[in-house]
Amino acid sequence: MKKLFPLLLAFTLAWPALAATRSVTFAVKGWTCGSCAAATRIALKKLNGVEDVKTNVDTAEAVVTYDDAKVAPEKMVQEIAKLGYKATVKGAAAPSASSPRSAPETALDAPVAPERVSFFEVPLECGAAEGLGCGSASKPILKSLGRDTRVVAAKINYSGTVLAVVWKNPDQARFDASAVEAAFRERDLETALLRGTARERAVKEFESKPWYGASDVDRLSEREAQVIAARVVNRANARLGLPAERVAALTHDLSVSIARRLTRDTDEECARDPLEVELRKIAKKYLNEQQMAELRKAAEQGAGALPGEAK
């Protein structure tokens, strides 16, 4: 028995080390290029316990080898989310009723009767990324509507094409569009109340997909910043041929800085003028003068997609 105890103790101490190395595969949504995948790889490798990361932009997958005594897949998902991407474990079972889960992004905390909601066609798309709403243009309008005592909530859809206004009084949802029209006229924008089949489509989207209020639209701006940064850096890198790790780091830093500008709590709309300033400050960390000049040329071509570039 005296000999058996040390052996059991040694086995117990050694067992976690033997069983700790695991592998998990994530399906990642939001990557648009190799730099996105590289940025994800760099971020995950910084986590204590992550031993190796392999990414494949074509299949939108990240395979992580890790020590489960030091880090869990949930932490990796959180780290990927910080970059603006959504990761799910491939082949994972659905969480049980007792498992914690993040709150869904719905119009309100509780279901809303459709008759209390007005839907409007709005011109709040982002010029830099197709299918994305402009957070910095939306925020002042949403704030203005939120100050109206008749309004419970005002949110836009992901693409920035539809505005949902939840009213305290259902009668206002049917007849009162003046407050919404006034908020848009102040900014020389037009809006139209949706009716018929267009309204029915909006109701379905409202009930099933994420919508963004004044406190949420910064997420759209952060995604816009990622698209702009990746586009400008990749445009320059077509001539520079930089290592993938440096491209990823430069893209990440530029994205963070642009997002900081776009999410300022002002009524400014999607101004791109800070881009040159941010380039000068950030590029020096990764590029020499000649390379910085190429990056500047790429930025001067604009934030929007050029012919042949992903939108």
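How many disulfides does the structure hold? The structure holds zero disulfides, a disulfide being a pair of cysteine sulfur atoms within 2.5 Å.

Before selecting anything, keep in mind that this is a predicted model, in which local features need pLDDT of at least 70 and side-chain atom pairs count only at pLDDT 80 or more, while totals for chains, interfaces and linings use all residues. Residues are numbered from 1 along each chain as its sequence is written, and side-chain values use heavy atoms, with hydrogens and water left out.

Of the 311 residues, 43% are buried, that is, under 20% relative accessible area with a 1.4 Å probe, counting protein chains only.

Next, select Cys-126, which is in no disulfide, the nearest cysteine sulfur being that of Cys-134, 5.6 Å away. Cys-126 is buried, with a relative accessible area of 7%.

Then move to helix α8, residues 218-240, and pick out Arg-223. Arg-223 is buried yet has no salt bridge, and the nearest side chain of opposite charge, Glu-222, is 10 Å away; a salt bridge would need a side-chain nitrogen of Lys or Arg within 4 Å of a carboxyl oxygen of Asp or Glu.

Finally, show the surroundings of Arg-223: a polar atom of its side chain lies 3.0 Å from the backbone oxygen of Gly-30. Leaving aside residues up to four places away in sequence, Arg-223 touches Gly-30, Thr-32, Tyr-85, Leu-132 and Tyr-158, where contact means heavy atoms within 4.5 Å.

Key: Buried < 20%, exposed > 50% of the residue type's maximum accessible area, 1.4 Å probe, protein only. Helix = DSSP H or I, 4+ residues; strand = E, 2+ residues; numbered from the N terminus. Lys, Arg positive; Asp, Glu negative; His and termini not counted. Polar contact = N/O pair within 3.5 Å; in protein donor to acceptor, adjacent residues only side chain to side chain.
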